[in-house]
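Trainee: Could you walk me through this one? I'd like to learn how to read it.

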Amino acid sequence: MTMTMDTKEIILDVKNLNTSFVSDGKEVRIVKDVSFQVKRAKTLAVVGESGCGKSVTMNSVMRFLGKNSRIKADNIQFNEWKDGAVVEHHLEKIENNNDIKLRKLRGPGMSMVFQDPMSSLNPVYKVGDQVAEGLREHTGMSKAEARTKVLELFKQLGIPDPESRIDNYPHQFSGGMKQRVVIAIAMICNPDLIICDEPTTALDVTIQAQIMDLLKKLQLVFGKSIILITHNMGLVAEMADEVCVMYMGRVVEFGSRKAIFDETMHPYTKALLRSVPVLGLADGQKLETIPGITPNPADLKGGCEFADRCTHCMEACRKQEIPSFEVSEGHMVRCLLFEKKGRAV
Ligand SMILES: Nc1ncnc2c1ncn2[C@@H]1O[C@H](COP(=O)(O)OP(=O)(O)OP(=O)(O)O)[C@@H](O)[C@H]1O
């Protein structure tokens, strides 16, 4: 991506992120030259079929990956807004997942809401204590002060009867309420950037809508930036300012919500939009499946990863790594069909 960066406007700038995993002595590339930017107080949705590397990308930024991972990037820049000025953090330079600088940022700078509330909560601790833990670690606050903060947040998040619920254990909460606790854990240190990895898949539709409304409200009131990883294109249409479409570890298209929905370019994005119900289009929208199967990352031969499933595939698509072309300002597409329409970036 060639956009010049305004550190006030851009909260996270990722350039050429590559992540691979080593197993049985073999290194498999999972995330390939991924670049994207997240604007302050805006929502970036990251979409793509299961296994395309959405979670690995975000876990690479947060450094939540295990010892068998190799992370390299030209830039992973987090621009913290502190006392009226921007402080730049270059996370690509950090070598250790437990680096003190990183630990200081996780929580107050950026935090993650995980897919499954069950696995993020510890069954043997009271929910209030689990939420307070991060706050106490980062601020050294007393137990009583932290409890007051947790109560405030529970109220904001619409957890009923917080004074008694704060001392409950996770199993005493419903799925939707558990998810709110997980959001509380992510929010308690007041992060500027919240990464939500499918925060609502385990929930029924009404609760999903409530949780999403809640996130949107936090964004409007407190200027939070959000990265939303999701399969739900309806949610993307409703929530996203910008959309990053991934296929087999690559960003194949990136643009504003309007660009992605109304000026769709990449054959994969087109197929993806035809394969899922989109709110507003749902009536009378004919759903199609994307032909073929997602290849195994270890079996890829080079060239465009989507070639075998693409109806527009040309000989050249299999012969080279496909560059990304900027077809209009901020709208990037990684496809040779647009070689003449855009500028390689
Ligand atoms: N620790 C790991 N070791 C080896 N391979 C991994 C590891 N974690 C993830 N992968 C592989 O990386 C690929 C991308 O996984 P990832 O979870 O990022 O996909 P995703 O797009 O988030 O999928 P979903 O939408 O299902 O969550 C998959 O092929 C997965 O098997």
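**Reading the sheet and the ligand shell**

Mentor: Start with β7 and strand β8 (residues 193-197): they pair in the parallel sense over 4 bridges. Strands here are DSSP runs of E, at least two residues long, and helices are runs of H or I, at least four, numbered from the N terminus. Two strands pair if DSSP finds at least two bridges between them. Within this pair, Met110 has Leu193 of β8 as its bridge partner.

Trainee: Which helix packs on the sheet there, touching β7 and β8?

Mentor: That's α7 (residues 175-187), whose direction makes about 170° with that of β7. Axes are lines fitted to C-alpha atoms, for helices over the stretch in contact (C-beta atoms, placed from the backbone, within 7 Å). Angles run from 0 to 180 degrees between N-to-C directions.

Mentor: One caution: this is a predicted model, where local features need pLDDT of at least 70, side-chain atom pairs count only at 80 or more, and totals for chains, interfaces and linings use all residues. Residues are numbered from 1 along each chain as its sequence is written.

Trainee: In what order do the 9 strands of the open sheet run?

Mentor: β7-β8-β9-β3-β10-β11-β13-β12-β14, with mixed pairing. At the edges, β7 (110-113) and β14 (343-344) each pair on one side only.

Trainee: How many residues surround the ligand?

Mentor: Count a residue as near if its C-beta atom, placed from the backbone, lies within 6 Å. That gives 14, the closest being Phe21, Ser50, Lys54, Ser55 and Val56. β1 (10-23) and α1 (54-62) each supply at least two, and α1 gives the most, with 3.

Note on methods. Contact = placed C-beta atoms within 7 Å.
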